[in-house]
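Morning, everyone. Let me put the structure up, and then we'll walk through a few contacts.

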Amino acid sequence: MSELVPIPLPLLLRRAFLEFEREGKIFDLPKSKFFRGFPGLDLSVDFHGHRASTPLGPAAGPHGQMAQNIVLSWLGGSRIIELKTVQILDELKIPRPCIDIANVGYNVEWSQELKLEQSLTEYVSAAMLIEILKASHVLTSDPQYYNSLKPSQPATIWWGGPPGPRPTPWSAFGCGSAALWGSQSWLPPAFSRRSSTGENIPGDTVFDMSVGYNLEGIRSPRLRAWIASMKNAGPIIDQLRTGLPPEWRALPFPTCISDTISLSTFHGCPAGEIEGIVRFLLTEMECHVSIKMNPTLLGFREVDHLLHDVLGYREIQLHPEAFERDLQFDEAVDLVPALQRLAHAHGKSLSVKFSNTLVVKNHKGVLPGDLMYLSGPPLHVIALNLVKKFRERVSIPASFSGGLDAHNMAATLALNLVPVTTCTDLLRPGGYGRLIRYLENLAAKMTELGVSTIPDFIARFAGQEAALVAEATANPRYAWERNKGTPRKIGSNLWIFDCINCDKCVPVCPNDANFVYETEPTVIEYDNFELLPGRIRRVPGGVLRVVKSHQLANYAEACNECGNCDVFCPEEGGPFTAKPRFFSTLESYRKSRSTGILACVLLDSSTIHATLAGKSYVLTLNEVTGIAHFETPDAEIAIRQTGNEALAWKSRRTGLQACFFDLLPYLKLKLLLESIADPRHVHFANAAAIQETPIVNS
């Protein structure tokens, strides 16, 4: 099983620059999917007193965990980014697979997969990278795609409130290597820094922390320090900027990443515990707070009726114990107004969010364990009905997450739910590229109504809340009949090369772990060899056929084996196991417990270390001599690179006098080694090694 390994900020930045210049993409998101705003429309909203340029963002989940995920969310138009939930227990072993989005949505992944210190660095790195992208004017560099609105003031990214006391910096942060850049600036023309600040791209952004799940953990020294460092990340920024190219080291990065917190109340967190946590966050950590409500708040009978009788999901079994342990409705009605008064007394704001995922029994057996968490279309209806019920008793700002997609965002926002956040929909084909449609549909609805701001849009639906919730509840698009299908499988099996090239596995990965590379189609007829004392004898071999130039692979350190690419791949086997998996270092390759085709390429020495069918190999190509050195579990073999002829060998095992040498692993690895560095596609496995002539800024 692979573990996530954060990618250093310099490598993220280098890849973004190279990929945009060569392919018109950043982290595989085409520039046609970048959000640039809409002329005449202002989509900005207020969140805890901070301006955000859109009301849209990712919910606390896989899209808000790694730096590249956060940047992808931002490029697609997210401006209120709920970061993945952190907790004091930061060495959890998340079961695999952990995501099943075949029709509705289920997961068993409910907290961060990184250490607290790593999460902090990822969030700060993401904030810095977004600042750099803004300063580089990547969103305005191509007039063909420029469609930004013109707000009343220049757009700026806001990362939180005023900086507080500087906390002691974490000691374990890696800053990347300035060797990626050298002393001379490397920037494609689109990334040249400009002095102008009046491009008017809607870039105001709010990062929203998410924490859980009990008072003891949240009050612990490590989590206190984590929150303090999010409020004032100056020391971390100073460390990270040393690894940046000279062009960006002096950029005035905002030091406050966030001063807002969404509190997750999973796992039976009682009313008294919630009150204590919120009081601590408001009064001691001096943060604005949003309480994430669980759908169990609606009550077992009501949820059962909606899920089974109204929507028809009769195969889904509720977990009664969760309804008994979680916060009760009357408790919430009493608790929230009291905490709202406490927030106001301390100059902070309090809101609520509807809703967390719904714990249900694991009836499918796709994911491990007895329980799993429901999301997607049925949760949308359940959460909306909870909004309606709660608002009948309590008046408080509210936000929303639950089955949000491009078709219901406008109607959900019309209920004065800000922000609206999404997760399950972004795990479907298209991934982050689906975000722009959310905003396009909202803009079309605003234009239809003749309004130009979000407050005016919401005002047009005043008094229609009950009707909007009833309409969604009765809408067949949320019912089982519309959501019972599963992605089609065609019966063929994946292998190391070739597939149907649908490329669905690339955008459905929230971490951008799957990638495209190019190779030369080839048909190689080869011999195998018997390695004998003092001689080598040819024996019949076989044929290696690679039909297509377009190939797919996996960057292992960005892959947590969630299984989502396997769900949507039309072929059997799973791209994250059947396709080659590349590692950045020999150490991480050797530590991996993953199965499948594993490879670590040391590009500077033309060497590939690999595991095929459970056997380890090392191949080194020598372009000067034309002789390859190949290590198998049994032998070291010298091979003529042209003609693929075994020339000499020696045993690697005591007492082994002769052995059979299958040439096929050598041919596969030689092709991989020669192909992975091809610069036609930029990815994490080759970005550091691609050579480029420095470009002088004008």
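Start with Tyr 123. Its relative accessibility is 0%, so Tyr 123 counts as buried; buried means under 20% relative accessible area, exposed over 50%, partly exposed in between, with a 1.4 Å probe and protein chains only. Trp 226 is buried too, also at 0%.

A word on the source: this is a predicted model, where local features need pLDDT of at least 70, side-chain atom pairs count only at pLDDT 80 or more, and totals for chains, interfaces and linings use all residues. Residues are numbered from 1 along each chain as its sequence is written, and side-chain values use heavy atoms, leaving out hydrogens and water.

Now the aromatic pairs. There are 18 in the structure. Rings of Phe, Tyr and Trp (its six-membered ring) pair if their centres lie within 6.5 Å; planes under 30 degrees apart are stacked, over 60 edge-to-face, the rest tilted. Tyr 123 and Trp 226 pair edge-to-face, at 6.0 Å between centres and 85° between planes. Which helices do they link? Tyr 123 sits in α3 and Trp 226 in α5 (residues 221-231), 103 residues apart. Helices here are DSSP runs of H or I, at least four residues, numbered from the N terminus.

Next pair: Phe 329 and Phe 390. Centres are 6.1 Å apart and planes at 85°, so this one is edge-to-face. Phe 329 is in α11 (residues 329-345) and Phe 390 in α12, so the pair ties together parts 61 residues apart in sequence. Both Phe 329 and Phe 390 are buried.

Last, a cluster. Phe 529, Tyr 617, Phe 630, Phe 661 and Tyr 666 form one aromatic cluster.

Notes. Helix = DSSP H or I, 4+ residues; strand = E, 2+ residues; numbered from the N terminus.
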